[in-house]
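Morning, everyone. Let me put the structure up, and then I'll walk through some contacts and some surface features.

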Amino acid sequence: DAQQEMLAGIQAAGEEGTLALVTGHGYSSKPTYPLKTDLKVWQTEWSTFDPINYDWYVAGNSSEGLTWANNIQKAFTLANVTGHLYWWGQSLLFVNNTSEVKVTKRLWAHAHFGSKFIRKGARRIDAGVVGGSSALNVSAFANTDGSTAVQVINNGNETETVTLQGLKTLKHGKVVTYLTNQDNDLKRGYA
């Protein structure tokens, strides 16, 4: 909300043309609507300063992986951002003074929206659930190589069946799936 106010001031001064990009942070309000600009918009800083949390979902806490998967997806689909950066790396990885490294579910939530799937030059395309559960949130991106990355978030407690239609696929028409939940970290499978 504060960035929209600042942007309006820049526009009123006739200086929007001096910008290459508009950025905002998600601390005081979440990016859930597009800023009023034709420029690219990045969400460049946002995190939670809660204690380290390794859960995907237990109680809907702001530091859980499922919360961050939804935060990122809503930034892309509702706010129409073209880039999302997390601010505080310590809450994604825990490294102590030994060789032990622990990864949080927040990191895996970010991975589903990373360059392994959504590649440079990709554009977001419309995607949604037809006749499915209201617990599902969907986003999709068309990559320049002709592949499509689709993120389906299940906010419910039941396993859901999802049917994808009209998507171009690589690897001989197979759809490669990746699952992250309490027990899995970007686990690869095939549909």
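Strands here are DSSP runs of E, at least two residues long, and helices are runs of H or I, at least four residues long, numbered from the N terminus. The patch is on the surface and is formed by Leu93, Val95, Val101 and Val103. Together they have about 300 Å² of accessible area. Areas come from the Shrake-Rupley method with a 1.4 Å probe, and for residues only the protein chains shown count as cover. Patch members need over 30% relative accessible area and no salt bridge; nonpolar side chains (Val, Leu, Ile, Met, Phe, Trp, Tyr) are joined within 5 Å, like charges within 9 Å.

Take Val95 in strand β4. Val95 has 55% relative accessibility, so it counts as exposed. The cut-offs: buried is under 20% relative accessible area, exposed is over 50%, and partly exposed is in between, with a 1.4 Å probe and protein chains only.

A word on the source. This is a predicted model, where local features need pLDDT of at least 70, side-chain atom pairs count only at pLDDT 80 or more, and totals for chains, interfaces and linings use all residues. Residues are numbered from 1 along each chain as its sequence is written, and side-chain values use heavy atoms, with hydrogens and water left out.

Now the rings. How many aromatic pairs are there? Six. The rule: rings of Phe, Tyr and Trp (its six-membered ring) pair if their centres lie within 6.5 Å; planes under 30 degrees apart are stacked, over 60 edge-to-face, and the rest tilted. One of the pairs is Trp68 with Tyr86. That pair is edge-to-face, with 4.9 Å between centres and 90° between planes. Trp68 lies in helix α2 (residues 65-77) and Tyr86 in the loop between β3 (83-84) and β4, so the pair ties together parts 18 residues apart in sequence. Are these two residues buried or exposed? Both Trp68 and Tyr86 are buried.

One more ring. The charged end of Lys102 sits over the ring of Tyr54, 4.9 Å from its centre. That label requires NZ of Lys or CZ of Arg within 6 Å of the ring centre and within 35 degrees of the ring normal.

Back to helix α2, for Asn70. Asn70 counts as buried because its relative accessibility is 10%. What does its side chain contact? The side chain of Asn137, at 2.9 Å, in a polar contact. A polar atom of the Asn70 side chain also lies 3.0 Å from the backbone oxygen of Leu66. A polar contact is a pair of N or O atoms within 3.5 Å; within protein, one must be able to donate a hydrogen and the other to accept it, and residues adjacent in sequence count only if both atoms are side-chain atoms.

Next, salt bridges. The structure holds two. The criterion is a side-chain nitrogen of Lys or Arg within 4 Å of a carboxyl oxygen of Asp or Glu. Lys105 pairs with Asp185, the closest N and O atoms being 2.4 Å apart. Lys105 lies in helix α3 (residues 105-111) and Asp185 in the loop between β9 (176-179) and β10 (187-190), so this bridge ties together parts 80 residues apart in sequence. Lys105 is buried at 7% relative accessibility. Asp185 is partly exposed at 37%.

Arg119 and Asp145 form a salt bridge too, with closest N and O atoms 3.2 Å apart. Arg119 lies in the loop between α3 and β6 (123-125), Asp145 in the loop between β7 (136-142) and β8 (148-154), so the pair ties together parts 26 residues apart in sequence. Arg119 is partly exposed at 35% relative accessibility, and Asp145 is partly exposed at 40%.

Last, backbone angles. Leu186 is not a glycine, yet its phi is positive, about 55°. Leu186 is buried, with a relative accessible area of 17%. Asn80 also has a positive phi, near 60°. Asn80 sits in the loop between α2 and β3 and is partly exposed at 43%.

Over to you for questions.
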